[in-house]
Amino acid sequence: MIQAETLELLEWPRLCQHLATFTATKLGAMAASQLPIPLTPAETAQLLAQTQETYLLESRLAKGLSFDGIQDIGDALERAELQGVLSGEELLAIATTLAGSRQLRRVIDNQNDVPTLTELVSQLRTYPELEQEIHRCIDERGHVTDRATPKLGGIRESMRQLRDRIYQVLQSILQRQANALQEQLITQRSDRFVLPVKAPQKDAIPGIVHDTSMSGATLYIEPHRIVNLNNQMRQLLRQEQAEAETVRRLLSQQVGEVKPDLERLLAIATILDLACAKARYSLWLEANPPKFIDFANKNPITLRQLRHPLLVWQQRHEQGTSVVPIDLIIQPQTRVVAITGPNTGGKTVTLKTLGLIALMAKVGLFVPAREPVELPWFDYILADIGDEQSLEQSLSTFSGHIRRISRILQAIGESREESLKHINEGNFPVNISHSLVLLDEVGAGTDPSEGSALAIALLQYLADRALLTIATTHFGELKALKYQDPRFENASVEFDDNSLQPTYRLLWGIPGRSNALTIAKRLGLLPEIADLAATYVGGASEDVNQVIAGLEAQRRRQENKAREATQLLQQTEMLHREVSQKATALQERERELKLAQEVVIQEAIAAAKAEIAQVIRRLQQGPAAAQDAQEATAALNQIGEKHLPSRKTPAKPKPGFKPQAGDRIRIPSLGQTAEVLSGPDNNEELTVRFGMMKMTVKLAEIESLDGQKPEFTKRTQEQKSKPENTQPKTLNSQPKTEYSPIAIRTSQNTIDLRGMRVADAEREVNQAFSAAMDSGVLWIIHGKGTGQLRKGIHEFLESHSLVSHYELASNADGGSGVTIAYLC
């Protein structure tokens, strides 16, 4: 009895109604509306496996499992077993149910990872021969077909011929006596063909009157000429009905013979429909599968971001308020949790949420919480929630609670006795009832001192005998039990002191304040009454409330800091991923360029080899011209040395080279050789020419044709030996102790100065610094040309206060045509 009461208190029937809306068949909806609670963990495991596998199929298949054609044929099967004759519609429903069940089995058999469902449908017997026979004898309207028996076909053929004769006679009367007829129509009354004749003209068409219209203006007359034909038609009609009934009787007998198998088929289809409904409901709830733990042996209950399923339904279908999730993390040594806090703060909702999700897990439903979802399998879920006051039964609020609690204790005693029987079998680790007890406002409805004493005694009793008890209370004495017995734990619903409203969040380890006076004023109580009541509150109680308020504020600060740290960590991880992706992309780009260069080199070598082969063929065909072959071989070697320098050990650069006017030098960054037009000046720059172009380059950017690096002047060497804190911002110079940001190029930190004068370019660079401050890097595209623009930009960067240092970009990013400025 108390278990049935608990289901009503937790609003379990309402949840079952919601589940029924996800079913596909009438039987599935009936089963969902009256969902039984499993009695053993094995039953729950079976139901949960069915839900998980159908959840997988619903996610995998485009339209999920289809239950088309499956109908409630239970009554028809009962009548068939009693040798009753089924109608054509009932027989057709049986055939479509067989076909739908066969399709279900075919879909499930084609899956390799649904063993529970595969085993379930393996018991299906769909009798395709019975289905075919029904479809042969019954058409889609439920009528017996002509091909059912030869006799029936012959009778219907005779009826068609006789009907044609009757129509011929009546058509001739219609033509001759048109003025006597109400309308040109042949109709039937009592299965006999008649004509609608005007009442004043009834003598024009002699015959038998079978009916009159409501106004009496029309008489439906059977002409004497077709009376015998109508009699013959009636006889044929009775013969047809008798033969059709014989066909349906034979089919009904075949159905009755296999009734047990068809009932099993119907039960399996209902189980599958119910499993699909659970999977669809769980998917709609965004729920996760539960894992049952041994709570009595050091496995905590873990339910994070838990939502009340009925509140979720109300939010989505009835425009309710958003659901505030709660966290339930209960340690295995805990046997009693006392939840305190303000009225309307969500204490009772917490009780109902835990009770409902325990029931949902037992019947194979997923739980609307974040993974992992871990909770025990409870033998009983027992609740005392609400007011059982009854005038009819002379029950007050207090007596109503006590009556219900007594029934709860009786059920726990029975469960504990059952547990004691299995201790020696190893099924239970301790001699307690594996029950969940939910008590709302325990000890309320009587004198507070006696009520709190009764509540303490009751909770201590339950701590010894029940697996877990959750109780809500306003008694301060119950908050102290945690510090006297390690099996007790405190929790509270949060109250926002700023908005003076509850937040519905559940806080663990901290007792709550009732805030009765604040809530009373918010609900409309006169402020002067609430203020007067505040003067009667004891000082000790106020001190305790202040301590609790301080603990709550400290917890909120810690949660805010933890939230900020989590956000910062997420941002850091995101930035790390972006940088890693860009680095990987750059490496991939470099690899692709090397491969492309290798392909070009190989093509050049192949062309050179082809040229050599042509020379050799000419040598073989004509006069000896070995010089030509030697020249071709030398050209091949020159191509290999030019394009495949990695195949040779690079010569070490030889210092001491000093370029003079007229010397030939190499510019590695451009991959060009050039002629020196003027020697290095005081800024270590020299003017060179290659092809038709002249440009100014730094001394550090050149080398001799044999790889020697240029010799720097004494001034430059002294400049390099300066202390770190006085080092100028020259090209490629960078203090070792200064952090350089990663030079990632974007549209925000890139500026193109090509074609500008130096003065205009300086203004553009100065304006671009503000946009590039976030990245810390500015990419300046000035081109190569004569080098004057680059020189002016470098002098400008040297003296700018925002620039830490600068350098030329790599060859892949533009070489000497692009400068990268690093900002302070």
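## Aromatic pairs and a cluster

Rings of Phe, Tyr and Trp (its six-membered ring) count as a pair if their centres lie within 6.5 Å; planes under 30 degrees apart are called stacked, over 60 edge-to-face, and the rest tilted. This is a predicted model, so local features need pLDDT of at least 70 and side-chain atom pairs count only at pLDDT 80 or more, while totals for chains, interfaces and linings use all residues. Residues are numbered from 1 along each chain as its sequence is written, and side-chain values use heavy atoms, with hydrogens and water left out.

By that rule there are six aromatic pairs. One of them is Tyr 55 with Phe 366, a tilted pair at 5.2 Å centre to centre and 40 degrees between the planes. Tyr 55 sits in helix 4 (residues 41-60) and Phe 366 in the loop between helix 13 (347-362) and strand 9 (370-375), so the pair ties together parts that are 311 residues apart in sequence. Helices (H or I, at least four residues) and strands (E, at least two) are DSSP runs, numbered from the N terminus. Tyr 55 is partly exposed at 23% relative accessible area, whereas Phe 366 is buried at 3%. Here buried means under 20%, exposed over 50%, and partly exposed in between (1.4 Å probe, protein chains only).

Then there's Tyr 167 with Phe 193: the centres are 5.7 Å apart and the planes at 75 degrees, so this pair is edge-to-face. Tyr 167 belongs to helix 9 (residues 150-176) and Phe 193 to strand 2 (residues 192-198), so the pair links parts 26 residues apart in sequence. Tyr 167 is partly exposed at 32%, and Phe 193 is buried at 4%. Elsewhere, Phe 22, Tyr 281, Trp 284 and Trp 313 make up one aromatic cluster.

## Arginines over rings

Trp 284 of that cluster also has Arg 316 over its face, 4.7 Å from the ring centre. Arg 189 does likewise with Tyr 220, at 4.1 Å from the ring centre. To count, NZ of Lys or CZ of Arg must be within 6 Å of the ring centre and within 35 degrees of the ring normal.

## Helix 1

Which residues of helix 1 (residues 2-9) are buried? They are Ile 2, Glu 5, Thr 6 and Leu 9. These cover an arc of only 100 degrees around the axis, which puts them on the same side of helix 1; the arc is taken from the directions from the helix axis to the C-beta atoms. Just after helix 1, Glu 11 takes a positive phi of about 65 degrees.
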